[in-house]
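Please find below a short briefing on the fold of one protein chain. The structure is shown first, and notes grouped by topic follow.

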Amino acid sequence: MLFAVLGAFASLPLLPFAMLPALAWRSAPYGVQVALTLLVWAALIGAVGLARTTRRGLVAAARRLLRVALPDPAAAPAPAVDRLRTPLWLLLHVAIGWAGALVSGLLLVMGVTLPGGWLDADLELSLFGRSARPGDGWASWAVALVCLLLAAAGCAAVTSALRRLAPGLLGPSAAERLALAAERERALAERNRLAHELHDSIGHTLTATTIQAAVAGEVLAADPVAARAALRSIEESARSALEDLDYVLGVLREQESETAPTRTLADLPELFDRLRHAGAVVEPDLTGDLGQVQGTLSRAAYRILQEGLTNALRHGAGGPVQVRVAAAPDGLELRVVNRTGTGPGRSAGAFPTSGHGLPGLAERVRLLHGEMESGPDGPHHWRLAVRLPVRLSA
């Protein structure tokens, strides 16, 4: 009820302006002056509802006072038909507010003053031309109680009516719901992409640095040069992972972030060097002009190879890791083959995994309309093979 009364009283400052045409037309009948004043008053109230800030304020007030779940209005301008919903809501809000305030207020005053003739109040009931005065006995108390109950019911009815009207007139229209759904879909897709990037980057870095730290510790006394090289590789890997982490956290916090760190097929030599510092034997086979593979495809191919090589480090049994990257006019072929089993000094449970690696790769490949195969390649090898459709730049 408070929301309705506030809406009614908020329209009072417009009433003096609504009375100006009637005052200028003093020769008109009284009924015409009243109708003209009400018509101009309604027009002024509706004009206030056309402002975008008015709708935002009404939505916030309805959420707080009516307890109605309403999303914030869309930032994009609404169609003309949808913009008329707010003036309609404002007119109904004011009309219901005044009706509820006057009727409930009158009933409340009657319920308070009738018992015992307080404030010299007297009651006369008229029906079909017959009148009766209950007097000061129990009848006055009964009528007062009925008035109070009716006042409470009127307040509840006003609040219920506004709650029912709010979603349809203040809530999102069909066009706004589509826009909000599209925005949520874009945000979800971006968060999923960031989750893949974070998994690929941090997972690879932790795997590589763990192995590099073990290698550095084993050769620290016997081969200080190799130990220093492993430590430098750990530093480079950690710095690269921190760049990815800072970017992802900035996006998740909805803050302004720097340009996203992008790694493409051109960064494969650096990736292979980090793996060699971790003790892996990488045998790359790069064919075709990889420099012509640009944009999203090149970045996705790098992440696919990074995940495949990370799995080779985690689950491989030593031996060479064969990496094939072949760019052709009709497609890009990626393949990683490694020995399976438990490598020297590495237990089968040394690198617990979340199980999201291969499903994440499959989703990434599917979004690029490619094909992916993964599984045993003979009795002692594991193979990851991906083929992506490609358009080479001129």
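Across which strands does helix α11 lie? In this predicted model, helix α11 (residues 295-315) lies across β4, β5 (331-339) and β7 (381-388). The direction of α11 is at about 10 degrees to that of β5.

**The sheet**
- An open sheet is formed by five strands, arranged in the order β3-β4-β5-β7-β6 with mixed pairing.
- The edge positions are taken by β3 (281-287) and β6 (371-376); each has a single partner strand, so one side of each lacks a neighbour in the sheet.
- From one strand to the next, the twist averages 5 degrees.

**Pairing of β3 and β4**
- Strands of a sheet pair through backbone hydrogen bonds, in either a parallel or an antiparallel arrangement.
- For β3 and strand β4 (residues 320-328), the sense is parallel, and the pairing extends over seven bridges.
- P284 is placed opposite V323 in β4.

**Helix α10 on the sheet**
- Helix α10 (residues 268-277) packs on the sheet and touches β3 and β4.
- The direction of α10 makes about 165 degrees with that of β3.

**The chain as a whole**
- The protein chain contains 12 helices and seven strands.
- Of its 394 residues, 35% are buried.
- Among contacts between residues at least 6 apart in sequence, 71% join residues at least 24 apart.

Definitions and conventions. Residues numbered from 1 in each chain as written. Predicted model: local features only at pLDDT ≥ 70, side-chain atom pairs only at ≥ 80, totals over all residues. Heavy atoms only, no water. Pairing = 2+ DSSP bridges. Helix = DSSP H or I, 4+ residues; strand = E, 2+ residues; numbered from the N terminus. Axes fitted to C-alpha atoms, helices over the stretch in contact; angles between N-to-C directions. Contact = heavy atoms within 4.5 Å. Buried < 20%, exposed > 50% of the residue type's maximum accessible area, 1.4 Å probe, protein only.
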